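Please look through the sequence and the structure below before reading on.

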Amino acid sequence: MNEALANALVALKKNRFDVYYAENREEAREIALELIPEGASCAVGGSATLDQLGLLADLRSGKYRFIDRYDFASQEEREEKLRLGLMTDVFLMSSNAVTEDGLLYNVDGRGNRIGALAHGPKSVIVIAGRNKIVPTLADAVIRVKTVAAPLNAKRLNCGTYCQEKGHCLSVDQGCAENMTAGCASRRRICSKFSVEGMQFIPHRIKVILVDDDLGF
Ligand code: SF4
């Protein structure tokens, strides 16, 4: 385990998150599944990490009442599923960054993911690879603007400045450290900003840190 990961585990625990260490992807998947009761209602935030772990297939197995946000016949149905996801027993997501002093930093376009993290689902399982760990919140802001958002914009084909350049417009404008600075695109994916600093409801948020690179 590298020093950054070890620091993050200790700091998250100090901030009252339930913390798990996974040596590899398979162990992370097993830990996550142990945390989901059979028959539980479940939803997910958009996440390359969950895809890479194969957890979507597990959630679709029939063992759970999965509100599948990727399966919809209309935009209305999609919106309804995203809303229902905020009231589930279990919500699964990754985090755009995890700091060595125990913070979860996330940036959303719509906000359903950080909404669920903040309040709603009875249990939230956050799974993050070691590549998401940064020293401080300032580094987390930069990470999103230079790694997470450009790659997500590419994945979603948003046509934003960062999709083309590989970094946020605010980097070229010299104000990358300003959390909310960015482009004016209608498809901007950086609209809502969340710092989860300490767990208020005991055992609600579980963080699984994986000793492998996952997602972006
Ligand atoms: S604000 Fe715009 S350019 Fe900057 S990272 Fe977000 S989507 Fe990309």
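Asparagine 157 is found in the loop between helix 7 and helix 8, where helices (H or I, at least four residues) and strands (E, at least two) are DSSP runs numbered from the N terminus. Its phi is near 50 degrees, a positive value in a residue other than glycine. Asparagine 157 counts as exposed because it has 9 C-beta neighbours inside 10 Å; a residue is buried if 20 or more other C-beta atoms lie within 10 Å of its own, exposed if 12 or fewer, and partly exposed in between, with C-beta atoms placed from the backbone.

This is a predicted model, in which local features need pLDDT of at least 70 and side-chain atom pairs count only at pLDDT 80 or more, while totals for chains, interfaces and linings use all residues. Residues are numbered from 1 along each chain as its sequence is written.

A positive phi is also found at arginine 16, where the value is near 70 degrees, again in a residue other than glycine. Arginine 16 lies in the loop between helix 1 (3-14) and strand 1 (18-22), and it counts as partly exposed because it has 17 C-beta neighbours inside 10 Å.

Helix 7 (137-156), helix 8 (161-165) and helix 9 (169-172) each supply at least two residues of the shell around the ligand, and the largest share, three residues, comes from helix 7. Of the 15 residues around the ligand, those that come nearest are Cys162, Cys168, Gly182, Cys183 and Cys190, a residue being near a molecule or strand if its C-beta atom, placed from the backbone, lies within 6 Å of it.

Strand 4 (residues 90-93) is covered on both faces, with Val90 and Leu92 buried on one side and Phe91 and Met93 buried on the other. Strand 4 pairs in the parallel sense with strand 2 (residues 41-44) over three bridges, and two strands pair if DSSP finds at least two bridges between them. Cysteine 42 stands opposite valine 90 in strand 4. Strand 4 also pairs in the parallel sense with strand 7 (residues 123-129), over four bridges, and there the bridge partner of leucine 92 is isoleucine 125.

Taken as a whole, the protein chain has nine helices and 10 strands, and buried residues make up 43% of its 216 residues. Its C-alpha atoms fill a box of roughly 50 × 45 × 30 Å, taken along the principal axes.
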